[in-house]
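I opened my notebook to look up a few features of one protein structure.

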Amino acid sequence: MTTTKSEETTIETKTPESNLNNNLKEVRLTINGKEIIIQTGKLAKQANGSVTVQCGDTMLLVTAVKSDQPREDIDFFPLLCDFEERISSVGRIPGSYNRRENKPPDKSTLTARLMDRPLRPLFPEGFYNDVQVVATTLSTDQINPPDVLAMLGASFALEISDIPFNGPIGAVRIGMIHNKFIANPTFEEIEKSELDLVVAGTSDSIMMVEAGAKLVSEEVVLNALAFAQGIIKQQVEVQKQLAKLCNVKKLEFTPPEKSKELIEIIEKYSKQPLLKSMDNVKDKATRNKYTKEAKEKVTKAIEDLKDGNPLKELLKKPKKISAEVALLEETLMRKKILEEGIRADGRKCNEVRQITSEVGILPRVHGTGLFTRGTTQVLSSCTLGTTGDAQKLDGTDPQTEKRYLHHYNFPGYSVGEVKPSRTPARREIGHGNLAERAILPVLPDKEHFPYTIRVVSEVLESNGSTSMASTCGSTLSLMDAGVPIKAPIAGVAMGLIKEGDRFAILTDIQGLEDFLGDMDFKVTGSKKGISALQMDIKIQGITLEIMKIALEQARTGRLFILEKMLEVLPKPRTEMSKWAPRILTLKVDMSDIGTIIGPGGKMIRRITEETGAKIDIEEDGTVLIASPDNEKALKAKKWVQSLVEKIQPGTIYSGKVVRIAPIGAFVEILPNKEGLVHISQLQDKRTEKVEDVVKLGDVIAVRVREIDERGRLSLTMRGITKEEADKVLTA
């Protein structure tokens, strides 16, 4: 047994004594006082690598498998990461119609992306075998989040497998409560935290960052990253120890040698068109015309080769030709930026593309924002609904509903391509979630603005930074809808070109720089601070020093974009759209909820049908009444108030005669609440017959004389002045 300690982490590796005769191996880490147990050799032994990861009562099985043969005619590494959320892991049966897990919830897709993003850059270049990493929840305590454990388990499973992998990586979540960082906080601590930062990296560099924050400073983020890196180093060390215990032997992989003849052909025939595509070309269509020309010239040169030349086989694999041309394009672009400080569209490294914004362009929606930056354009629309419109969640996390939803759509026409419209892909879910997290810190509290809010961002044109354009469009649509956000939010995507010790940070990257660059670093926030982060790296990680420069350059770019946005709408509108529902709220005793609903929902249906208002009742007795017509909402509110009103003796009411008997008239003074006006109480003199004074259906003024021990009401018409009667009858 070996043990190493640091301020934050304790590491222990061992072969459990009860399992000395089998292959079970175990390591333990203690992070922030919580033990994480990793075991291998017991479950899923036919996978190339498999581990169980346990913290508290949250336990996952993570497996890694590869195919025997590489894929043909592809220009990307076919890595597939899945997070399989099992409702059984929380001791519950799924709420779907067929009572089984169906389409993965968005949270599972987002966790799968968290697993994928730091792993993908660490596989050897040219390795095209299929690799699949699957994390399955076996047990979930709803205290310790499983997503970071899945990321850590994915690296463990790959590290102890024979799959070529230039890892391992560590993964940790950092929270901050009362200016103190917390490693791997619980769900409850995350709710209280000013920061929710997930970091993955190798022992000396950062590979991925994902964060939501309550407008914290750049300095706080940098300090949190430094704090995380110390823990990541320990996690990397323990993975190496487990691999040593398992006597791991990696599959040897040698990337295929590139043909010198092909390199010469590409250099000769595609260089000039590619250089033209980067000569101050701001229009994406023009650049695409030049890159298409480059590929066509290379293809034609290969076609003209003598029969029998092995390069002619590439004609059957056009994606391979495109990939090789893209390598030269990458080299030329990077050289231009590092040596001249000028980008393909003529901008300097810290320059933002031209920005235009519009609001209120769609007549029937509650709020719209059209944000255009260069040749990236996003139209965001805001819809306001009642609390009953909140999204219900049926997952393993403690959260059961969402009242702010952001949905991001990326149709094929946005890039001039034919693409069938299907369910949202992982990328769309991820971009939508980032824009959603960006806005959450500035939304008004439910108590002050009791609406469910949905924003839909339609990407109309795409040339990089669409998620950040969605964030900007969302802010504009919310302000246009009259949502009293605490501060406007803008976003900017940063890039990196790095060769050895030389590097350049790029502000507001376009598609070319995203595709061929080394980093995609998205930062959102207000003038005050950061609200969300997302960083992905294509190289073997970056240093904190580069992160510091990128954050400062992003802050400058974000403030510039924010200023341009506020020129069109400086603050939220004071009035909502006439098509948006008006929500009135009142609080009733919880014991009165049944009275409002009525037997089998009869009363609440009656109010809804007669007023046209929508009514939602929460468990604490909060009643929300919504209608685009304010008068209808007020009518429904008055009805609800009358249902729960506590009748006091001496109070004068307007009531309707609903029954007549020889002994007097029965008058309904409130819904479902009636009392008897005895014949002797109809007027100040003797009455021979009830019908001589009132008739069925008459609306009259009555005073409550008394309420007996059974709750029965005794009413009177005597002693009510004309002024008192007129007041209640005309109210």
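**Entry 1: the largest cavity.** I looked up which residues line the largest cavity, and I found Lys-34, Cys-55, Asn-144, Pro-145, Asp-147, Val-148, Leu-149, Arg-173, Asn-184 and Pro-185. The model is predicted, so I noted its limits: local features need pLDDT of at least 70, side-chain atom pairs count only at pLDDT 80 or more, and totals for chains, interfaces and linings use all residues. Residues are numbered from 1 along each chain as its sequence is written, and side-chain values use heavy atoms, with hydrogens and water left out.

I checked what a cavity is: on a 1 Å grid over the protein atoms alone, it is a set of points where a 1.4 Å probe fits but cannot get out, and lining residues have an atom within 4 Å of a point. The structure holds three cavities of 30 Å³ or more. The largest cavity has about 80 Å³ of space. Volume here is the space filled by probe spheres set on the points, with grid points joined across faces, edges and corners.

Helix α2 (residues 146–159) gives the most to this lining, with three residues. Helices (H or I, at least four residues) and strands (E, at least two) are DSSP runs, numbered from the N terminus. By class, the lining has five nonpolar, two polar and three charged residues. Ala, Val, Leu, Ile, Met, Phe, Trp, Tyr, Cys and Pro count as nonpolar, Asp, Glu, Lys and Arg as charged, and the others, Gly among them, as polar.

**Entry 2: α1 and α2.** I stayed with α2 and looked up its crossing with helix α1 (residues 106–119). Their axes come within 9 Å and cross at roughly 40 degrees. Axes are lines fitted to C-alpha atoms, for helices over the stretch in contact, and angles run from 0 to 180 degrees between N-to-C directions. The two helices are therefore oblique to each other. The cut-offs are under 35 degrees for roughly parallel, over 145 for roughly antiparallel, 65 to 115 for roughly perpendicular, and oblique for the rest.

Lys-107, Thr-111, Leu-114, Met-115, Pro-118 and Leu-119 of α1 meet Asp-147, Ala-150, Met-151, Ala-154, Ser-155 and Leu-158 of α2. Contact means heavy atoms within 4.5 Å. I sorted these residues into eight nonpolar, two polar and two charged.

**Entry 3: α4 and α11.** Which way do α4 and α11 run relative to each other? The axes of helix α4 (residues 218–245) and helix α11 (residues 544–566) come within 10 Å and cross at roughly 155 degrees. They are therefore roughly antiparallel. On the α4 side the contact includes Glu-218, Val-221 and Leu-222, and on the α11 side it includes Leu-544, Met-547 and Lys-548. The contact divides into seven nonpolar, one polar and four charged residues.

**Entry 4: α6 and α7.** Helix α6 (residues 284–303) and helix α7 (residues 318–340) have axes that come within 10 Å and cross at roughly 125 degrees. That pair is therefore oblique. Thr-291 and Ala-294 are among the α6 residues in the contact, and Ile-321 and Ser-322 are among those of α7.

**Entry 5: the backbone.** Most residues other than glycine have a negative phi, and most peptide bonds are trans. I found a cis peptide bond from Gly-167 to Pro-168, with omega near 5 degrees. Pro-168 lies in the loop between α2 and β9 (170–177). Asn-32 has a positive phi, near 55 degrees. I placed Asn-32 in the loop between β3 (25–31) and β4 (34–40).

Notes
1 Å grid on protein atoms, 1.4 Å probe; cavity = no way out; pocket = protein on both sides within 12 Å on 5 of 7 lines; lining within 4 Å.
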